[in-house]
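I opened the notebook to go through this structure one topic at a time.

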Amino acid sequence: MRYLPKSSAERAHMLREIGIGSIDELFAPIPAQFRLIRDLCVPRQMAESEIVDWFRARAAENGDGYDILLGAGAYNHYRPLVIDALISRGEWFTAYTPYQPEIAQGTLQAIFEFQTMICELTGMEVANASMYDGSTGAAEAVMMAMRITGRNSAILARSVHPEYREVIATYAKYQGLPLTEVAFTDNGRVDLAALDAAITPNTACVLIQSPNFFGTIEDVAAIADIAHAKGALLVVSVAEALSLGIVRPPSEADIVTLEAQSFGVPLSYGGPYAGVIATREKFVRQIPGRLVGQTTDRNGKRGFVLTLATREQHIRREKATSNICTNQALVALMTNIYMDVYGREGIKELAQQNLAKAAYARKQFGTKARVLFDGAPRFNEFVLQTSEDAYEISHRLAAKNKIIGGFPLRKFYPELGNAAVWCATELTSRAAIDAAAGEVK
Amino acid sequence: MSNENIRKVTTHISQNEGLIFEHSSPGKKAYRLAELDVPEIDASAELGAALRTESAALPEVSEPEIIRHFTRLSTWNYAVDHGMYPLGSCTMKYNPRVNEVVSRLDGLAGAHPYQPEQISQGVLRIMKALADQLIEITGMDAITLQPAAGAHGELTGILLMRAFLESQGNARKKILIPDSAHGTNPATAAMAGYEVENLRSNEDGMVDLAALEAQMNEDVAGLMLTNPNTLGIFDEQIAQIAEILHRKGGLLYMDGANMNALVAKARPGDFGVDMMHLNLHKTFSTPHGGGGPGSGPVACTKHLEPFLPKPVVVETDEGTLRLDYDRPQSIGRVRAFYGNFGMLIRALAYIMANGPDGLRQTTEDAVLNANYLRKKLEGTFDLPYSTPTMHEVVFSDKLQSKSGLKTGDIAKRLIDYGFHPYTVSFPMVVHGALMIEPTESEPLEELDLFVDAMKSIAQEAIDSPDLIKNAPHSTRLSRLDETAAARKPVLRWKLESK
């Protein structure tokens, strides 16, 4: 087996050194009736070339080379080539959690830079080293709000990504955390009056998404005022991180939870991505997940370490802020590199291109069907209501035009009828927009 | 620090490098955007009050500076590609390159999670193939690939336990957890709304059956057991353990962190486990990435299958695959989309590269390597449990503590010898633990160098303990002040802190 660096002679030598006659003796602790005495029924050992061929064939069965007009929590942005060139270095991807800081300064410094950039983008004061993804980050943010306020219910905007809401519901169920939902109005934004009425003295937080699942940018300041007036925290989930290049950051929030996939992370059928939790300094001891902090060594040189570990499971066990152990370090590294490539100006220009593409698409689609939620600003997504069923449109576009169309909303928002949320990024060509617009009705 | 006993490494030029922000200067760029093929737009008219007026202070640097920055930083990391990384319980094995190549194929890496199923047959086939093979390897009946990491898998598994027991009329109150367990186990039980009750180990490092018998009652939902446990010991009473739980209506959760000791040699489904998670980043070679992404599929028996997170991949009569969301008893979702798909590709490629014979040899070599180290180091270091061990071995610092040295000191000195340290001070059942897991990826030469290094350090502990107390001596930075870092946390860079 090509991954195993031993000859049979070496194995025999090692057995002799141990003082046993056969490898089976080392497996004696497993009771005989449970020892597997047959081969596993898995495919035979394959050559590297055969493995590559098999996966190429699977890739070919998929929609390679399609134009993507779909976002809904996973965004098709260009990935600068330096990202994979750098993260393919074994020093990055074959290292583990930086438990020994003297030989992990690369990873630690990169995370420290990442935390800084996330603070800059979100308008928060501290950010963690990352979470599994945006959905679990949102769930952890809600639980964090419970710990901070000592209250035990939460309000979710109905315009939050439906799958995020499902994840939060799973997490909340056994925390004794009742969830209620607040509706959106005809401009696609949270219904402020309904929100105000829904907050009780037991509401730990209000969770909104901005841009929300319809692509609409929420009035974060107004929602923060309403929440804060009643002692509840505001948690803002950002699923399209690139929006922060041009959209006002949710600085009035108490906790921002970000899905960073837009920053150079492959779509990869939904993962791995990277969530992040950012918050105010005063809440730092309630933040879940890993944190990297600056310190000095014995000679006074600057260095970085994992810090505030007393929040974490390996120290606190059942009293920890979360059971989370691993983060998404390599994905966070991708997003760090991405933010360096575009930098202060590029992130803005790129966001501006997305805005222009989506505005153009809205106009083109608007001549064929009804664009909903016109009364509020949007970033790179919008909702289109059609006379034809959204799934039909999607199937036709895929089969006929090699275009991946909008996300049909009927399953989660039946009240919107035949509607879908469409997305245009810097990678969406005018030709693809025109072709798709030509097919909708 | 020169020392003729240090044979594996020599000191070498290491580039200094500041934070990326410290290279920033207005106007430097590492990008050029493509020509915009639609009309320009006035952002302030489009966004109104929602327009960002103050730019995020991201660095402004050029492409060559980015390459140098991250290349220099990378050289400060120790990695499996450098050498043995014997972090017990973490299973730092070789990460095959073919895995990286196939996971980046355009049609897979570029697949949108909501693209229509008609053009997703390839990705669904990969998920189905991996699911089938993991089911065969674990001997369980069903699986979900959705959890993003081991601890996330634990949560999923305990939620399955809870949902199943609720369907029987009583979710119960407590989970039993042995004192040797990973910290994630009790934290997980708490997240799932259970009280944690500690279960003590016997003198062989296994579950104390009498204690289990006494503590098991109708209030106990189940037991979270790592097998082999964190001492590397396979609990041979596993069938009795399962029987005691099942007799009183409880379930057995197996933490599969150490499944690399069992693959192709024994199947948890055969010895009474009800549900378990797998760490694809341990047993199935997906890279640790400096701390994630991981992937933590959860396998279970037939009676728990209805409760698995949704969606699940199912095959239609025509042989096409689809995602089934119609699962009324499901615990719901634990993550958006379907899991860390990129990691699923890598794990499947690993299984294909091994085949049944390779998987068996891999497990045998992992256990062989650990036992070789145990044999060679026993006596030099205190072995608190003489029970046979599988894929990892736990020593203690009892002998070296006579010179005032702790496991953490020995670990730091090991760095000077060119090795990543073992896991320090865990499991907690061993005072001053040195938890060593070589994995199958180490050649005999590397193991022998490690043995020599450990013996040399043991001698230094007698001759010159200060050398160890002040280690490491050859790294860029000496020991870092973790207390100061926690007392006054600096968690981000600011211009004035330059």
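**Chain B.** I began with contacts in chain B (contact: heavy atoms within 4.5 Å). Of those with a separation of 6 or more, 71% join residues 24 or more positions apart. The model is predicted, so I noted the limits: local features need pLDDT of at least 70, side-chain atom pairs count only at pLDDT 80 or more, and totals for chains, interfaces and linings use all residues. Residues are numbered from 1 along each chain as written, chains are lettered from A and ligands numbered from 1 in the order written, and side-chain values use heavy atoms, without hydrogens and water.

I looked up the secondary structure next. Chain B has 14 helices and 12 strands, taken as DSSP runs (helices H or I, at least four residues; strands E, at least two), numbered from the N terminus. Along the principal axes, its C-alpha atoms fill a box of roughly 75 × 70 × 45 Å. Buried residues are 67% of the 498 in chain B (buried: under 20% relative accessible area, 1.4 Å probe, protein chains only).

**Chain A against chain B.** I then turned to the interface. Here 185 residues of chain A contact 205 residues of chain B. The buried area is about 17,000 Å², and carbon and sulfur atoms give 63% of it (area lost on being put together, 1.4 Å probe, summed over both parts). A:Glu102, A:Tyr174 and A:Tyr269 supply 6% of what chain A buries there, more than any other three residues.

**Domains of chain A.** The assignment, automatic or from a database, gives domain 1 (67-79 + 347-439) and domain 2 (81-337). Their C-alpha centres lie 27 Å apart. Domain 1 brings 34 residues to the contact and domain 2 brings 38. They bury about 2,900 Å² between them, 65% of it from carbon and sulfur atoms. A:Arg79, A:Phe373 and A:Tyr413 supply 27% of the area domain 1 buries against domain 2, more than any other three residues.

**Cores.** Which residues touch the most other members of the largest nonpolar core? I found A:Phe55, A:Ile337, A:Leu409 and B:Phe284, in a core of 292 residues (buried Ala, Val, Leu, Ile, Met, Phe, Trp, Tyr and Cys joined through side-chain atoms within 4.5 Å). Helix 10 (residues 341-377) of chain B gives the largest share, 16 residues. Both domains of chain A contribute at least three residues each. I followed A:Phe55 across to chain B: its contacts there include B:Val102, B:Ile126 and B:Met352. A second, separate core has 26 residues, among them A:Tyr360 and A:Ile433.

Terms used. Buried < 20%, exposed > 50% of the residue type's maximum accessible area, 1.4 Å probe, protein only. Buried area = accessible area lost by both parts, 1.4 Å probe. Lists of a residue's contacts leave out its neighbours within four places in sequence.
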